[in-house]
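Welcome, and thanks for taking a look at this structure. Here is a short briefing to read alongside it, grouped by topic.

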Amino acid sequence: MSTLQNRTAKSGRETFTSGLAVFFATLGSAVGLGNIWKFPYLTGQFGGGAFLLVYFLCILFVGLPVMLGEFYIGRKTRKNAVGAFQQLKPVSGWKHIGTMGVAAAYLIMFFYSCVAGWVYYYLYKAVKGDFIAITPESVKTQFTDVIIGPVSPILWQVIVMAVVGGILILGVRKGIERITKTLMPLLFVLIVICGIRAITLPGAYEGLKFLFHVDFSQLSAAAILTAMGLAFFKLSLGMGTMITYGSYFTADNNLFGTAAKVALSDTIVSMLAGIAIFPTVFSFGMEPGAGPGLLFMTIPLVFSKMPFGNLLLIAFFFLTSIAATTAMLSLVEVLVAYFSEELGFSRRNAAIINAVIICGVGMLAALSADQASLLGNVTFLGRGFFDWFDYISSNILLPMGGLFIAIFIGYFLKKDDIKKELSNQGNLTIDKLIDVYFVIIRYVTPALLVIVFLNSIGIIKV
Ligand code: TRP
């Protein structure tokens with residue numbers, strides 16, 4: 001690309017308009033399907049309060065440092081995930097961390113868009129009143145009908161991608177910023193309402209106990225590794241999402257502050273989701289360890305038995321749709337920014353082409369989510385398409401990306417450059433913080449990640 005083109009591309013680049021916009025967009029990326037079923041379910045399963053404690057430590061020593069590193073790379077270069085590395089280290093292989101991120105964005109989207117499709121479909125069904133006279137048997141049939149299809153899961157996946165693609169075509173300010181600034185506060189209100197309803201149910205105490213009791217005897221090595229993986233997935237790390245969003249941050253944004261606020265708020269949303277779900281599950285004597293099915297098979301049932309149940313059910317699936325959608329905006333934006341800045345596509349074409357690719361390949365996930373699905377029996381080494389997309393992205397690409405980012409920041413860049421950017425050219429006094437940050441990103445973060453990574457690919461078994 002010529003210098004002239006470079007300059008035009010740079011000057012025409014959008015940023016968010018304010019610190020508040022930065023916060024809501026970034027939080028919109030972090031808050032997603034991960035909060036609403038993964039976090040509460042894993043917390044309950046791995047020892048409640050004790051697991052929470054480990055999760056906080058993972059956020060502190062791995063999540064926050066990597067997030068800050070990604071913010072730095074993005075805002076310093078004002079480029080997409082691939083272009084950013086190329087600008088910092090022009091003749092080297094580092095840009096392939098970005099390439100890996102692009103691959104991870106596709107893989108995550110292939111199955112995430114499918115699950116989001118189920119959520120949209122459930123919202124539609126709730127509005128239609130399909131769950132009003134629901135029974136334990138019929139809720140199961142409804143769920144299997146939704147995921148087996150074969151037409152409905154694909155159709156709803158296409159609708160999801162049309163919404164996500166449509167918002168992204170509008171751009172960083174009119175699309176991402178406007179949507180996240182409107183919907184994130186609404187999501188917060190809805191989740192608080194659902195939480196209040198849940199803790200006022202008879203028997204709710206059991207649910208809170210399940211979620212928050214501290215039982216160190218359950219703190220296995222597996223629990224620690226799970227907490228680490230969750231921290232990555234939750235905070236959208238390891239694949240360039242936070243590089244891309246960081247590249248839209250305002251120049252005066254306090255990056256340390258944003259990282260801390262986003263991590264804290266994301267955790268609060270996760271706990272509110274747990275507070276909304278578990279008391280309800282216990283109050284109605286249901287199985288708390290049901291995983292992904294928990295959301296789809298128990299929530300309609302529990303809400304149907306309450307006063308204003310259908311209204312709450314609609315609110316619940318509406319907030320889940322918001323969470324999934326704003327998270328997907330950040331995943332697909334990695335692709336849109338890459339296509340438009342590196343490959344010369346217009347923003348509009350980049351959004352359309354990627355939505356089509358995601359629907360096209362993601363269809364394989366939609367058709368392999370259940371044993372009884374059309375492609376439910378097609379497996380390679382014991383996993384179907386759906387599971388492979390999830391496994392390769394979450395267990396391999398994200399921790400590997402995080403590790404490379406930590407090493408890149410800790411060993412291959414100048415500490416002074418980083419200090420200058422993180423202190424907004426000296427406007428913030430962060431000398432001590434920077435020293436602590438460097439010790440963590442150089443030694444602690446990589447060491448912890450190596451352990452997780454070796455475990456995830458099965459080299460060490462814990
Ligand atoms: N954090 C989101 C969730 O909890 C998912 C997500 C969005 C994500 N962007 C990401 C996960 C980038 C990993 C990497 O649902």
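Asn35 is buried, with a relative accessible area of 0%; buried means under 20% relative accessible area, exposed over 50%, and partly exposed in between, using a 1.4 Å probe and the protein chains only. Please keep in mind that this is a predicted model, in which local features need pLDDT of at least 70 and side-chain atom pairs count only at pLDDT 80 or more, while totals for chains, interfaces and linings use all residues. Residues are numbered from 1 along each chain as its sequence is written, and side-chain values use heavy atoms, with hydrogens and water left out.

**Around Asn35**

- Asn35 sits in helix α3; helices here are DSSP runs of H or I with at least four residues, strands are runs of E with at least two, and both are numbered from the N terminus.
- The side chain of Asn35 comes to 2.9 Å from the backbone nitrogen of Gly32. This is a polar contact, meaning a pair of N or O atoms within 3.5 Å; within protein, one must be able to donate a hydrogen and the other to accept it, and residues adjacent in sequence count only if both atoms are side-chain atoms.
- Leu33 is also found in helix α3, and with a relative accessible area of 5% Leu33 counts as buried.

**The ligand and its shell**

- How many residues surround the ligand? There are 17, and the closest are Ala30, Gly34, Tyr112, Phe233 and Lys234; a residue is near a molecule if one of its heavy atoms lies within 4 Å of it.
- By class, the shell around the ligand holds 9 nonpolar, 7 polar and 1 charged residues. In this scheme Ala, Val, Leu, Ile, Met, Phe, Trp, Tyr, Cys and Pro are nonpolar, Asp, Glu, Lys and Arg are charged, and the others, Gly among them, are polar.
- A polar side-chain atom of Tyr112 lies 2.6 Å from an oxygen atom of the ligand.
- The largest cavity is the space taken by the ligand. A cavity is a set of points, on a 1 Å grid over the protein atoms alone, where a 1.4 Å probe fits but cannot get out, and a molecule sits in one if more than half of its atoms lie within 2 Å of its grid points.
- Which elements give two or more residues to the shell around the ligand? They are α2 (19-30), α3 (33-45), α6 (95-128), α11 (221-234) and α15 (309-342).

**Backbone geometry worth a look**

- As background, most residues other than glycine have a negative phi, and most peptide bonds are trans.
- Gly149 and Pro150 are joined by a cis peptide bond, with omega about 5°. Pro150 belongs to the loop between α7 (136-148) and α8 (151-169).
- Arg78, which is not a glycine, has a positive phi of about 55°. Arg78 is in the loop between α4 (49-77) and α5 (81-88), and counts as partly exposed because its relative accessibility is 21%.
- Leu381 has a positive phi too, near 45°. Leu381 lies in the loop between α16 (347-366) and α17 (385-411), and is exposed, with a relative accessible area of 78%.

- Val334 is in helix α15 and is buried, at 0% relative accessible area. Val334 and Gly101 are 233 residues apart in sequence, with 8.2 Å between their C-alpha atoms.
- The C-alpha atoms of Leu33 and Thr325 are 9.3 Å apart, for a separation of 292 residues along the chain.
- Asp266 lies in helix α13 (residues 255-283) and is buried, at 0% relative accessibility. Asp266 and Gly32, 234 residues apart along the chain, have C-alpha atoms separated by 9.3 Å.

Conventions
On a 1 Å grid over the protein atoms alone, a cavity is a set of points where a 1.4 Å probe fits but cannot get out, and a pocket is an open set with protein on both sides within 12 Å along at least five of seven lines; lining residues have an atom within 4 Å of a point.
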